[in-house]
Amino acid sequence: MTEKLPQKRILTGDRTTGRLHLGHYVGSLQSRVALQNQYDTFILLADIQALTTHFEHPELIHDSIYQVAIDNLSVGLDPNTVTLVQQSQITAIAELTEIYSLLVTVNTLRHNPTIKTEAKNYGYDDLTFGFLGYPVSQSADITFCKADLVPVGEDQAPHMELTRKIVRRFNELYGANLPEPQMMLSNCGRLMGLDGNAKMGKSLGNAIYLSDDAETVSAKVKKAVTDTTRISVKDPGHPEVCVVSRYHSIFNSSEAENICEMCKGAKIGCVACKKLLAEKLNALLDPFREKRAYYEAHLPEVKEIIMAGSERANRIGNETMREVKEAMHIAL
Ligand code: TRP
């Protein structure tokens, strides 16, 4: 008889600092849904990491734990298949953070490009210990359950590199055998904002949220910046510089080429082109809205899903901690 191979694991997650948007969907949520039946999938609600920047607003974090959980469930992650985990409930994450912090220098963290960019965006000059160290905590997130694969956006690459470095160092120092996780990038790359900004971001004010209703989405698409040199519908357009055209190629791939040709030939105007895009986005979001409405009306069920997932994660994390402490000769 052939033994069933143990499933490989995915761990990925989101800071609980607000609702998730299309950038999150394209960058990571879509892969989570596609892979949930192939991998034992852990979705982390990163509330402690959220507090590294929002410690003065804990009430916002509390609400976002539910919203981010619902965002994940609404796009089609099956609560009977995936494990939703609340970061602050997992003791192994706190313990591993402390242990890994022994192996990481302050200079390494200070030179982390994502930390640098975020510190600049938030206007920090003197960083808290917790903010500077969150990549170490993220390494603990990924390794407490020995994740093999981490689907994330490219801005997370420095944290993945750090995680792999910590794992190698830990294994080499203590003769342990923690797996080195692989990063998985989405093939769409980073989603730009409809305002022409290189990135869709909640702090940039250009996000289309998974929870936006149809009218809101249409209104946001209407305001998108297009080819600024095209004054009249009769002028030929330049789809190669138009963000709406880029969105068609991502969210409306079967019609994108045709629309592009019509734009170049002045056969479709920006208003009609945007209307087509809004319809496409709303068709994508409609089933998400339906699932969201269910979970919004059943919050105790969402809480139960998070509690049960965190309990499973704690059991697994405690096993990892036993191995880690034995390897370090601190288990009595
Ligand atoms: N830093 C990630 C983000 O900002 C969120 C996150 C926290 C995460 N812990 C993680 C992602 C572990 C992948 C794995 O999006």
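Predicted model: local features only at pLDDT ≥ 70, side-chain atom pairs only at ≥ 80, totals over all residues.
Relative accessible area under 20% counts as buried and over 50% as exposed, with partly exposed in between.

**Figure 1. Tyr 124 and Phe 131 meet edge-to-face.** Welcome to the aromatic residues, where the count comes to nine pairs. In this one, the ring centres of Tyr 124 and Phe 131 are 5.1 Å apart and the planes stand at 85°, which makes the pair edge-to-face because that angle is over 60 degrees. Phe 131, with a relative accessible area of 1%, is buried.

**Figure 2. A cluster of rings includes Tyr 134, with Arg 15 over its face.** Stepping back from the pair, we find Tyr 122, Tyr 124, Phe 131 and Tyr 134 linked into a cluster by ring pairs. Look next at Tyr 134, where Arg 15 lies over the face of the ring, 4.7 Å from the ring centre.

**Figure 3. Arg 19 lies over the face of Tyr 209.** Here is another arginine to enjoy alongside a tyrosine. The distance from Arg 19 to the ring centre of Tyr 209 is 4.6 Å.

**Figure 4. Tyr 247 and Phe 251 form a tilted pair.** What angle do the planes of these two rings make? They lie at 40°, with the ring centres 5.6 Å apart, so the pair is tilted. Helix α11 holds both Tyr 247 and Phe 251, and their spacing of four residues is about one turn of the helix. Tyr 247 and Phe 251 are both buried.

**Figure 5. The largest cavity is lined by 17 residues.** Rolling a probe the size of a water molecule over the atoms shows where empty space is left. In this model, the count comes to one cavity of 30 Å³ or more. The volume of the largest cavity is about 130 Å³. Which of its lining residues come closest to the centre? They are Pro 239, Cys 242, Ser 245, Cys 263 and Cys 273.

**Figure 6. Helices α11, α12 and α13 contribute to the cavity lining.** Do keep the cavity in view as we turn to the helices. At least two lining residues come from each of α11 (243–251), α12 (253–264) and α13 (270–296). Helix α12 gives the largest share, four residues. By residue type, the lining of the largest cavity comprises 10 nonpolar, five polar and two charged residues.

Note on methods
Residues numbered from 1 in each chain as written. Heavy atoms only, no water. 1 Å grid on protein atoms, 1.4 Å probe; cavity = no way out; pocket = protein on both sides within 12 Å on 5 of 7 lines; lining within 4 Å. Points joined across faces, edges and corners; volume = space filled by probe spheres on them. Nonpolar A, V, L, I, M, F, W, Y, C, P; charged D, E, K, R; others polar. Phe/Tyr/Trp six-rings, centres within 6.5 Å; stacked < 30°, edge-to-face > 60°. Buried < 20%, exposed > 50% of the residue type's maximum accessible area, 1.4 Å probe, protein only. Lys NZ or Arg CZ within 6 Å of the ring centre and 35° of its normal.
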